[in-house]
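I am opening a notebook on a structure that is new to me.

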Amino acid sequence: MTLETWELLSYVVTVVGLPLAIAVFLYEKQKERENEYEEVYQLLSDNYQDFQKVALVNPDLRLFSSEETVQLTKEQKERMLIIFDMLVSLFERAYLLMYDEKMTPEQLRRWHSWEDYMRDWCRRADFRAALPMLLEGEDPERQRVRRRRERAGGRADSRRAAERV
């Protein structure tokens with residue numbers, strides 16, 4: 001090969017190869033971020049399943065009931081408060097790690113599953129009653145979002161339901 005051929009090939013590599021290498025690099029970084037996000041989601045889901053196991057071993061608290069558990073002993077109230085604290089801590093982690101103002105459709109779908117859990121729990125009167133004490137010192141932005149969800153309570157969000165279909 002002649003010097004001119006090598007020079008031409010070097011220009012081709014520069015013009016085609018460099019942009020292609022940058023595109024591949026950016027694609028791989030995006031995939032890596034998606035995998036990290038999926039891993040965080042899976043770890044949070046595992047933690048929620050662990051929480052559900054705790055609720056299962058405390059059937060006297062009727063935590064899977066949609067209604068408030070009444071006539072609890074002092075010990076039962078304390079256990080319930082501890083379990084609610086575990087749940088709020090999990091919801092806070094989910095909010096901090098999963099929520100963003102600008103989400104992809106996949107991230108939004110995952111976030112909506114956590115939002116559904118939060119709404120379900122906020123429908124329980126005893127959980128709502130415990131929230132002010134459980135959330136002392138909480139981030140003001142998070143408090144605003146929580147109050148909005150509490151007000152929404154049991155109401156269906158028709159726009160979100162339509163998006164899921």
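**Entry 1: Asn58.** I started with Asn58, which is buried because its relative accessible area is 10%. Asn58 sits in the loop between α1 and α2. I also looked up a distance: the C-alpha atoms of Asn58 and Arg79 are separated by 8.6 Å, and the two residues are 21 apart along the chain.

**Entry 2: What I am looking at.** This is a predicted model, in which local features need pLDDT of at least 70 and side-chain atom pairs count only at pLDDT 80 or more, while totals for chains, interfaces and linings use all residues. Residues are numbered from 1 along each chain as its sequence is written, and side-chain values use heavy atoms, with hydrogens and water left out.

**Entry 3: Overall make-up.** I found 6 helices and 0 strands in the protein. Helices (H or I, at least four residues) and strands (E, at least two) are DSSP runs, numbered from the N terminus. Along the sequence the pattern reads α-α-α-α-α-α. The protein has 165 residues, and 30% of them count as buried.

**Entry 4: The loop between α1 and α2.** Most residues other than glycine have a negative phi. Arg62 is not a glycine, yet its phi is positive, at about 50 degrees. Arg62 is found in the loop between α1 and α2, and it counts as partly exposed because its relative accessible area is 44%. Gln71 also has a positive phi, near 55 degrees, and is a residue other than glycine. Gln71 has its place in the loop between α1 and α2. With a relative accessible area of 79%, Gln71 is exposed.

**Entry 5: Salt bridges.** Side chains of opposite charge can pair when their charged atoms come close. I count a salt bridge when a side-chain nitrogen of Lys or Arg is within 4 Å of a carboxyl oxygen of Asp or Glu. By this rule there are 10 salt bridges.

Which residue forms a salt bridge with Asp60? The partner is Arg79, and the closest N and O atoms are 2.5 Å apart. This pair links distant parts of the chain, with Arg79 in helix α2 (residues 74–98) and Asp60 in the loop between α1 and α2, 19 residues apart. Asp60 counts as partly exposed, at 33% relative accessibility.

Asp50 and Lys53 form a salt bridge through their side chains, at 3.9 Å from N to O. Both lie in helix α1, 3 residues apart, about one turn of the helix. Asp50 is partly exposed at 40% relative accessibility, whereas Lys53 is exposed at 52%.

Are Arg119 and Glu115 buried or exposed? Both are buried. Their side chains meet in a salt bridge of 3.9 Å, N to O. Both residues belong to helix α3 (residues 105–122) and are 4 residues apart, about one turn of the helix. I also noted a network of salt bridges with shared partners, which joins Glu38, Glu106, Arg109 and Arg110.

**Entry 6: Surface patches.** Patches are made of residues with over 30% relative accessible area and no salt bridge; like charges are joined within 9 Å, and nonpolar side chains (Val, Leu, Ile, Met, Phe, Trp, Tyr) within 5 Å. Accessible areas come from the Shrake-Rupley method with a 1.4 Å probe, and for residues only the protein chains shown count as cover.

A patch of negative charge on the surface gathers Glu28, Glu32, Glu36 and Glu39. Lys and Arg count as positive and Asp and Glu as negative, with His and the chain ends not counted. The place of a charge is taken as NZ of Lys, CZ of Arg, CG of Asp or CD of Glu. Glu28 lies in helix α1 (residues 3–56) and is partly exposed at 46% relative accessibility.

The nonpolar patch on the surface is formed by Leu8, Val12, Val15 and Val16, with about 370 Å² of accessible area together. Val15 lies in helix α1 and counts as exposed, at 60% relative accessibility.

**Entry 7: Helix α4.** Which residues of helix α4 (residues 125–134) are buried? They are Asp126, Phe127, Ala130, Leu131 and Leu134. Seen down the axis of α4, these buried residues fall within an arc of 150 degrees, so they line one face of the helix. The arc is that of the directions from the helix axis to the C-beta atoms. On the face turned away from the buried side, α4 carries the exposed residues Ala129 and Pro132.

How values were computed. Buried means under 20% relative accessible area, exposed over 50%, partly exposed in between (1.4 Å probe, protein chains only).
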